Structure formats: C-alpha cells, structure tokens
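User: I would like to study the aromatic rings of this structure. Please guide me through them by question and answer.

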Amino acid sequence: MKLGCCYYPEHWPETQWADDARRMAEMGLSLVRIGEFAWSRIEPEPGRFEWGWLDRAVETLHAAGLDVILGTPTATPPKWLVDSMPDMVAIDEQGHPRGFGSRRHYCFSHTGYRAESQRITRALAERYGKHPAIAMWQTDNEYGCHDTVLAFSGAAAARFREWLEARYGTVDALNAAWGNVFWSMEYRGFDEIDPPNLTVTEANPAHWLDYRRFASDEVASFNLEQVEILREHSAAPITHNFMGFFTEFDHHAVGREIDIASWDSYPLGFLEQFWFSEDEKRDYLRQGHPDIAAFHHDLYRGCANGRWGVMEQQPGPVNWARFNPAPLPGMVRLWTLEAMAHGAEFLSYFRWRQAPFAQEQMHAGLLRPDSSEAEAASEAREAAQAIERIGEQKTAAASAALVFSYEAAWVCGIQPQGRSFRYLELVYEWYSALRRQGLDVDIVSPDAALDFYRMVLVPTLPIAPSAFADKLADFGGASLIGPRSGSKTESFTIPPGLPPGDLRPILPLTVTRVESLRDGVQESGDGWTISRWIEDIESDLEPEFALPGGRGVVFRNDGIRYCAAWPDRSLLDRLVTAMATEAGVETVALPEGLRIRRTATHLFAFNYSASPVRFDLTGEVIDPGGVSITALEG
Ligand code: GAL
C-alpha cells in the first residue's frame with residue numbers, strides 16, 4: 001500500500017514546492033494528489049491556458065520521487081464560465097439557484113456544462129496523458145457532495161423527460177406503472193412531466209424513484225464522459241473519490257466504469273454527523289465508531305472489481321462537523337493500517353499543509369500553516385515504516401457477504417413509513433453484528449455472485465427481482481433477509497400477492513400488515529428486543545424467534561431466515577452466531593471497541609476503545625488506538 005497526501009501547489013509560493021516534495025518523500029509518502037480544484041489557475045480566461053505552473057509542479061513532485069494523482073477540476077467551474085452560461089448552476093429542491101462562491105455549483109444535466117467538462121478534461125489529458133509522473137487520474141471530486149445529485153433545473157427536467165420516454169415508450173405505460181389515476185395525476189405526453197419537487201404534498205413515490213434513478217444515471221454518464229476522454233490519452237488508472245455514508249447515486253454503476261474506487265475517510269466527522277447515540281459519540285469521540293472506516297473499505301472494495309484506496313484520510317480535527325475533536329494519539333496510524341488490512345492500494349492524507357485562508361482554514365493537515373509538523377505527521381511516518389516492515393498484503397476471502405443496494409436506500413428514503421427506518425443505519429447495524437463476531441465481510445451489490453461465501457446477509461431489499469431469489473435458492477450457506485424485502489415492485493407498487501413478492505419461492509410467508517414504532521418503543525423477547533418496525537406474518541413456518549404471545553419475528557426456511565422486524569444488537573448477535581455455526585464459520589466474540597481483519601497472511605487487531613483491551617486470540621493487551629499484527633501460520 002502506498003501512502004500519499006492531497007496537495008494544492010497553487011496555494012503556496014513556488015519557492016516552497018521543492019521543499020514540500022522533499023519532506024513528503026522523507027515522511028514515507030510516495031503519492032500526491034493535485035489539481036482537482038485548480039480550474040481558475042489552469043484556464044484563467046476562456047481558452048487561455050496557463051500550463052507553466054502545473055508543469056513545474058508535476059516536475060517538482062516527480063523529481064522528488066513522488067507519483068501524481070491528477071484530478072479533473074470540474075467540481076469548481078470558474079466565475080467566467082458560470083457567467084458565460086448562468087443556467088448551468090444547479091437548482092435546489094426549493095427551486096433556488098446554487099450560487100457561485102464555493103464549489104459544486106454545476107448541474108449534471110446541463111449539456112453546455114457537460115461540453116465544458118469534456119473540454120477541460122481533454123485539455124488535461126492531452127497535456128499530461130503520457131507524462132511519466134501521472135500514476136492515476138481522479139474524475140471531478142466527490143460527486144454529490146453538498147447535496148448536489150438531485151437537481152431541479154430546466155436542463156434536468158428536459159433530460160428526465162427523455163429518460164422516461166426511453167424507459168416507458170408511451171405515456172400510457174408510464175401512467176399505468178406509476179398509478180397516476182390516483183389523484184388525477186395522469187399525463188397526456190412526456191413533455192407534461194416535471195421533476196417531483198415543489199408539489200403541495202408528497203409527489204408519487206414512483207415519480208420520485210424514477211427521478212432518483214435518472215439523477216443517478218446522470219452522475220454516471222457525466223463521469224463516463226470524462227473517463228472515455230482520459231482513456232483515449234492515457235493508460236493510467238482512473239479513480240473517483242466517493243464519500244462516507246452517501247447513497248444519492250448508484251456507486252456500483254459509477255464503479256463499473258472506473259479502474260479503482262476510492263473514498264474520503266473522516267471517521268470523527270462522520271461519528272458526529274450521523275445517527276450514532278450520545279453514548280457512542282462520547283465513548284468514541286476521538287476514535288470514531290469502530291466500524292465506520294471498515295464499513296466503507298468493505299463497501300468500496302466491492303465497487304470497482306476489488307481495487308480501491310483511501311483518497312482523503314482525516315489527519316486531525318476537521319472543520320465541517322458540529323464539533324471537531326482531535327483524534328486520540330495513535331488513531332491516524334490505526335486508520336492507515338486498517339485500510340491496509342482491508343486491502344487498500346493507497347491511502348492519502350487530506351491535506352499536506354493546513355491552509356491559513358478561505359473555507360477550510362480550521363481543517364488540520366500533516367503540517368500546520370507555518371509548515372511545522374502537526375501531530376499526524378509522526379503517525380504517518382510510523383505507519384509508513386510499519387507498512388514497509390509488514391510487506392505486501394493480499395486480501396483474504398471473506399466468509400460473509402452483506403448485500404448493499406443503492407436503490408433500496410432510495411426506496412426506504414422515499415417512503416420510510418416510520419421515520420426511524422433508515423437504510424444506512426440498518427445496514428450498518430447488520431455489518432457491525434458480523435464484525436463484533438470477528439468475521440471478515442465483503443459488502444456486495446445485489447448483482448454479485450454469492451457462491452464464494454458461507455453466509456449472506458440482506459438487511460433489506462425492497463425491490464428484489466426473482467433472479468435474486470434464484471441466486472439465494474442456489475446459495476448453499478446460511479442467509480438472513482431483513483424486513484421489507486420484496487415489498488415493492490420495480491415501479492414502486494405493492495406486489496400482487498403481497499410481500500415478499502418474488503422472494504416467496506424462498507420465503508414461504510406473507511406479510512399481511514406492517515407497523516412502525518415511535519422512538520423509545522420496543523417489544524421484548526427472551527433477552528432481545530425489536531423496535532422501529534414489525535410485520536404481521538402469515539406462514540406455515542414456525543417462528544424461530546417470537547414475542548411473548550407468539551407474534552413471529554424470525555422465520556426459518558432451511559438455510560434461509562427472514563427477520564420481520566428491526567432487531568436489536570442482541571438478537572442480531574444470536575442470529576449471526578447461529579448462522580456461523582450452521583455454515584461452519586468460526587466466530588470470535590470481541591470485547592467492546594476491538595475489531596479484527598485478516599489478510600491472506602496476517603491477523604490485524606485494532607483497539608478503538610479509549611482504554612487498553614486484552615485480545616484473547618493472541619493474549620496481547622492492546623493500548624487505546626493501538627494495532628496488533630500477527631503473522632498467520634501456514
Ligand atoms: C472532502 C473534500 C475535500 C475537503 C475535505 C475536508 O469532502 O473532498 O476537498 O473539503 O472534505 O474534510
């Protein structure tokens with residue numbers, strides 16, 4: 001695994017570059033990502049390119065032995081470009097234009113902007129496509145950041161209509177599929193259809209789902225336009241840096257078109273900003289919850305044929321969460337080695353030096369604004385030495401697969417039915433349950449082959465095609481399917497014959513009613529509880545777990561289980577251990593805060609808790625923020 005950093009030569013005097021490059025190499029870094037926001041310096045005026053500085057920056061870094069990841073600068077269209085076509089800006093759901101003065105102000109559907117994106121990409125590709133320093137390309141930056149996937153512009157409306165026509169052929173077919181007879185929503189032509197925002201009350205969920213599918217396709221095709229140009233001019237692999245806990249577009253679709261998936265890892269910011277409990281936010285304040293980084297490593301490893309890396313690694317306090325604590329000593333090193341254990345090809349710290357100006361002046365770097373070393377610098381150095389010592393690692397085959405679907409996230413978001421039914425949280429809970437038992441996990445798309453695994457978990461898959469049921473029927477191991485699976489058709493209707501629809505051949509049961517429970521309400525079984533969601537099930541199967549009074553919660557049809565509620569951790573732990581036993585997979589019940597991951601040759605253990613923890617498998621006591629690495633025998 002290579003280490004690197006994100007660097008902005010345009011932020012610093014040129015006289016400083018050579019020294020920066022030398023210090024990077026000295027720290028053990030060999031990769032540097034540049035350029036992704038530099039459009040106004042590359043092309044200060046329409047058609048006038050200033051390549052000199054970028055040429056010299058690339059040369060300077062290369063001369064110090066560093067490889068360059070070059071970003072296309074399309075996340076930051078310059079002022080002159082926006083002024084030349086003011087309707088290129090994204091329009092938000094409330095209908096407001098998203099102004100110039102920060103970033104990501106473009107609309108994915110604007111054909112004029114797409115032409116500009118291709119033009120600047122081609123200019124960069126022609127100039128640097130064969131340059132020996134360029135080891136990788138990054139398209140754009142964090143598609144969708146700052147809530148920019150769904151756009152409600154005229155350009156988006158026009159392309160949405162074309163997309164619908166291609167999908168349905170006739171407007172009658174669309175009316176029937178969406179159920180537009182309801183509330184007199186029928187259309188006479190595709191040209192009458194608008195995006196689903198600004199309606200009086202909720203728009204038709206089928207309308208929303210298609211709008212989300214369309215918007216996701218827009219991101220993928222925008223990306224592909226850049227990818228095709230880069231490939232014409234360069235053999236270097238192409239990546240895009242995805243975000244954390246982000247489901248607004250189908251990352252599997254974008255991942256299919258790039259060579260290496262990468263993601264931006266900010267565990268402390270994510271802990272603060274997402275659903276974690278107050279206790280977890282306190283206990284893991286300076287470490288991040290122990291599954292946050294691993295969850296994304298395992299998710300993005302499944303996006304681009306197994307190749308992935310971390311493009312931005314938190315090195316200290318960030319600037320964008322509600323509260324921004326500093327990592328516990330050791331955490332930057334731990335996060336780095338954990339990425340290695342999960343199979344990363346590279347990890348790059350964000351950023352080299354903290355900027356004293358503009359929006360991110362409170363965001364730490366490896367260096368402070370005065371160029372002295374920040375706390376993370378010595379940990380990056382130590383991580384580089386450890387990586388050198390351990391040598392190359394190959395990923396071990398995971399025993400468990402967790403099925404992740406972006407479409408499932410959209411369906412749950414469009415029609416939550418209970419406001420605490422949150423897709424990402426459900427998936428994360430199921431993932432954590434596997435990790436608490438020391439299992440190695442692959443997070444895979446619903447299309448992935450499952451034959452290599454012994455256990456398969458499907459937290460929920462509301463739209464579950466019969467091919468998916470066939471695949472699970474053929475799967476020989478233990479599987480667990482969660483609530484709401486099979487509860488909707490492709491066009492967002494209740495399936496004929498009721499849920500679980502096309503899953504009925506493997507799940508001989510019928511969901512006759514569902515209820516969602518308000519926060520704080522739970523139903524207790526024998527040593528476990530359910531909350532948030534519970535279904536009424538009719539079936540000849542005897543429930544494996546039931547509430548007092550007999551209401552079934554978990555049903556089992558040979559190796560396939562259905563969980564008809566939102567299970568708590570203890571029910572999940574029981575299910576995971578039972579499945580592992582049936583599938584012949586060894587589990588290790590880990591103490592709070594400890595997590596493990598195996599490579600083909602080593603066992604890594606990570607202590608996320610703020611106190612020392614004993615790791616029974618090796619007998620070691622691991623310090624807070626500590627990592628233990630043991631060579632596996634045989
Ligand atoms: C990322 C982004 C970077 C920087 C960073 C700060 O979302 O890609 O450009 O803003 O956050 O944490």
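**Aromatic rings in the predicted model**

User: How many aromatic pairs does a search of the whole structure find?

Analyst: The model is a predicted one. A pair of aromatic rings is described by the distance of the centres and the angle of the planes. Across the whole structure, the number of aromatic pairs found is 52.

User: Is the pair of Tyr 106 and Phe 222 stacked or edge-to-face?

Analyst: The ring centres of Tyr 106 and Phe 222 are 5.1 Å apart, with 15 degrees between the planes. Planes under 30 degrees apart count as stacked, so the pair of Tyr 106 and Phe 222 is stacked.

User: Which helix holds Phe 222, the distant partner of Tyr 106?

Analyst: Tyr 106 belongs to the loop between α4 (79-84) and α5 (111-128), and the two residues are 116 residues apart. Both Tyr 106 and Phe 222 are buried. The helix that holds Phe 222 is α8 (residues 205-233).

User: What is the angle between the planes of Phe 160 and Phe 214?

Analyst: These two rings form a tilted pair, 5.3 Å centre to centre. The pair links distant parts of the chain, with Phe 160 in helix α6 (residues 154-168) and Phe 214 in helix α8, 54 residues apart. The angle between the planes of Phe 160 and Phe 214 is 50 degrees.

User: Is Phe 160 buried or exposed?

Analyst: The relative accessible area of Phe 160 is 0%. Buried means under 20%, so Phe 160 is buried.

User: Over the ring of which residue does the charged end of Arg 353 sit?

Analyst: The charged end of Arg 353 is 4.3 Å from the centre of the ring. The residue that carries this ring is Trp 12.

Methods: Residues numbered from 1 in each chain as written. Predicted model: local features only at pLDDT ≥ 70, side-chain atom pairs only at ≥ 80, totals over all residues. Heavy atoms only, no water. Phe/Tyr/Trp six-rings, centres within 6.5 Å; stacked < 30°, edge-to-face > 60°. Helix = DSSP H or I, 4+ residues; strand = E, 2+ residues; numbered from the N terminus. Buried < 20%, exposed > 50% of the residue type's maximum accessible area, 1.4 Å probe, protein only. Lys NZ or Arg CZ within 6 Å of the ring centre and 35° of its normal.
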